[in-house]
Amino acid sequence: MKLKVVKYKRLGLTFALLLTLSLAKAQVGEHRDRFSLGVNGGYVLSNVGFEPKVTQGFHGGFTGGLSMRYICEKYFSMICSIYGEINFASVGWKEDPLTKMDQPVVNPETGLVEQYSRTINYVQIPLLAHLAWGREDRGFNIFVNAGPQFGIYLSESTSKNYDVPFVDPDNGRSNPTIAQETMPVEKKFDYGIAVGLGAEYSHPRLGHFLLEGRYYFGLGDIYGNSKRDYFGKSNLGNIVVKATYLFDITGRSK
């Protein structure tokens, strides 16, 4: 079963990468040669798909960095580009432990409702096919982004208000899996597929202003997933809302 999962992960990443690269080589419509550079910033909600399951909320964090876009052609009404970013991103997961009666777990040693979160900092590098419909030089268009994303681990930190999690012998705990609370990230390289939908406003002198919602599905795991490891799956998932500003370096509108 695990071999099949790894196979599908590789196929998914390969497809996303080939989609992006094929767009860069495509020369079917009207040729374009416009390179733009800029910055982006936004808010990211993240969690981790653990197996065995870990009950979670969303971890909130910042993402931001450099953006680059190369418009290579216009095919009928579709503007085709390659879009990339180099971002710092603060992701992870957050636990809100509950009893089996869906009541907050109150630690008897502290008298506080137990809370736990893990923050993992990455350099994230998405390489996306950027397809837009609408105005190219002045006005609005809508766009979709799709392609692979890679992450390089930087650091991690933990926030919790207890030393040892409390398990009520009568009422139990809705989240009995606690191994992840003391395990550091084992795999320092992350990879997956990102898909986004957004809108852009362009002005010949002011540049390009983009607003986007994006989802990232991790195909890799942050922990080992062999038979002797605790978790069979531990992939990241991110929901991102971000704003981007780009200005043209080459191929500017007259």
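**Barrel strands and aromatic pairs**

Modeller: In this predicted model, 8 strands close into a barrel, in the order β1-β2-β3-β4-β5-β6-β7-β8, with antiparallel pairing. On average, neighbouring strands of this sheet are turned by 20° against each other, direction ignored.

Biologist: What makes β3 and β4 a pair?

Modeller: Two strands pair if there are at least two bridges between them. Strand β3 (residues 78-95) and strand β4 (residues 116-134) have 16 bridges, in the antiparallel sense, so they pair. Within this pairing, I82 stands opposite A129 in β4.

Biologist: Nice! Now the rings: why are F50 and Y223 called stacked?

Modeller: The count comes to 13 aromatic pairs. For F50 and Y223, the centres are 6.3 Å apart, within 6.5 Å, and the planes stand at 25°, under 30 degrees, so the pair is stacked. F50 lies in strand β1 and Y223 in the loop between β7 and β8, 173 residues apart. Both F50 and Y223 are buried.

Biologist: And why does the pair F150 and F189 count as stacked?

Modeller: Their centres are 6.1 Å apart and their planes at 20°, again within 6.5 Å and under 30 degrees, so F150 and F189 are stacked. This pair links strand β5 with strand β6.

Biologist: How do you know whether F189 is buried, partly exposed or exposed?

Modeller: Buried means under 20% and exposed over 50%. F189 has a relative accessible area of 47%, so F189 is partly exposed.

Conventions:
Residues are numbered from 1 along each chain as its sequence is written. This is a predicted model: local features need pLDDT of at least 70, side-chain atom pairs count only at pLDDT 80 or more; totals for chains, interfaces and linings use all residues. Side-chain values use heavy atoms; hydrogens and water are left out. Helices (H or I, at least four residues) and strands (E, at least two) are DSSP runs, numbered from the N terminus. Axes are lines fitted to C-alpha atoms, for helices over the stretch in contact, and angles run from 0 to 180 degrees between N-to-C directions. Rings of Phe, Tyr and Trp (its six-membered ring) pair if their centres lie within 6.5 Å; planes under 30 degrees apart count as stacked, over 60 as edge-to-face and the rest as tilted. Buried means under 20% relative accessible area, exposed over 50%, partly exposed in between (1.4 Å probe, protein chains only).
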